[in-house]
Amino acid sequence: GTPGRVMDLMESGALRLDHLRMLILDEADEMLDMGFLEDIERIAEAMPETKQTLFFSATMSPEINRLVSRFMKDPVQITIERPTLTVPTIEQLYYEVVFSSRIEVLSRLLDVYNPSRSIVFCNTKKQVDELVEELHARGYQARGLHGDMKQGERTQIMNGFRRGSIDILVATDVAARGIDVEDIAAVFNYDIPQDVEYYVHRIGRTGRIGKEGRAFTFVTGRRQIYELRDIERFTKSKITLKAVPSSSEVNETNERKFLDRVRVVLEEGGLEEYTPYTDALLEDYASLD
């Protein structure tokens, strides 16, 4: 549970910790960044002294080390290292874009690649809300996910995303923590991540269980090019520069998708009931019309 919810249950008497045997703090670095340190300390102090304690964290900050020394006895630190931090089945691409044209570039990539499910990452809650409105105006099935939403609304959105009724999820890094949906075909870094480790977390949402995935990153200006190079060095992977699809490429893709849908309907058959309508129209118009 979240620290606030756990404390609510403790204070109401619904949650008793007398016989608790294990305390696990997941995403410890993120929890402390979000300002939960005092809450976590209060919860830990209410627990029995004899228990097993486990912290999972991408980084080991001084705050985490302080918690370790306070709540753990003779702890063992286990570090997992890999030669690369990204999955080889993920194609990593970046586009140099003008800031004001990002929505147009995103729309073109969505049309050309037509991912079944995708997550678009933004750095702020305000940007999430604005982008969802812009995508809706362009006819895309998109919903936002960020920390200002109530839990019920967030659950409803995630259920829709899993079922496929929502194609595009626009989210902040914090809101996207813990999202575990298998068939995410693409991840878009609409804003370049503020931390190199966020990049790893973001693109790890696609390319799961050996499946192929794509990660698109938008870069604006020279400073962000340097930030991208930092990400490459950190992940020990190559992010390839690609040209933004032209409007003619988008049109060709849309035409091909439309014709494919028509072919599917024709091959499925069962269209006899429409024959009287086509016969009536052919009395006044040519078949080409």
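Reader: Among contacts in the protein between residues at least 6 apart in sequence, what percentage join residues at least 24 apart?

Author: With contact meaning heavy atoms within 4.5 Å, 76% of the contacts between residues at least 6 apart in sequence join residues at least 24 apart. This is a predicted model, in which local features need pLDDT of at least 70 and side-chain atom pairs count only at pLDDT 80 or more, while totals for chains, interfaces and linings use all residues. Residues are numbered from 1 along each chain as its sequence is written, and side-chain values use heavy atoms, with hydrogens and water left out.

Reader: How is the angle between α5 and α6 to be read?

Author: Axes are lines fitted to C-alpha atoms, for helices over the stretch in contact, and angles run from 0 to 180 degrees between N-to-C directions. Here helix α5 (residues 102-113) packs against helix α6 (residues 125-137) at about 60 degrees, the axes being 11 Å apart. That angle makes α5 oblique to α6, given that under 35 degrees counts as roughly parallel, over 145 as roughly antiparallel, 65 to 115 as roughly perpendicular and the rest as oblique.

Reader: Which residues of α5 and α6 meet?

Author: From α5 come Arg102, Ile103, Leu106 and Leu110, which meet Gln127, Leu131, Glu134 and Leu135 of α6.

Reader: Is Glu197 buried or exposed?

Author: Buried means under 20% relative accessible area, exposed over 50%, and partly exposed in between (1.4 Å probe, protein chains only). Glu197, which lies in helix α9 (residues 196-203), has a relative accessible area of 19% and is therefore buried. Apart from neighbours within four places in sequence, Glu197 is in contact with Asp29, Ala58, Thr59 and Phe234.

Key: Helix = DSSP H or I, 4+ residues; strand = E, 2+ residues; numbered from the N terminus.
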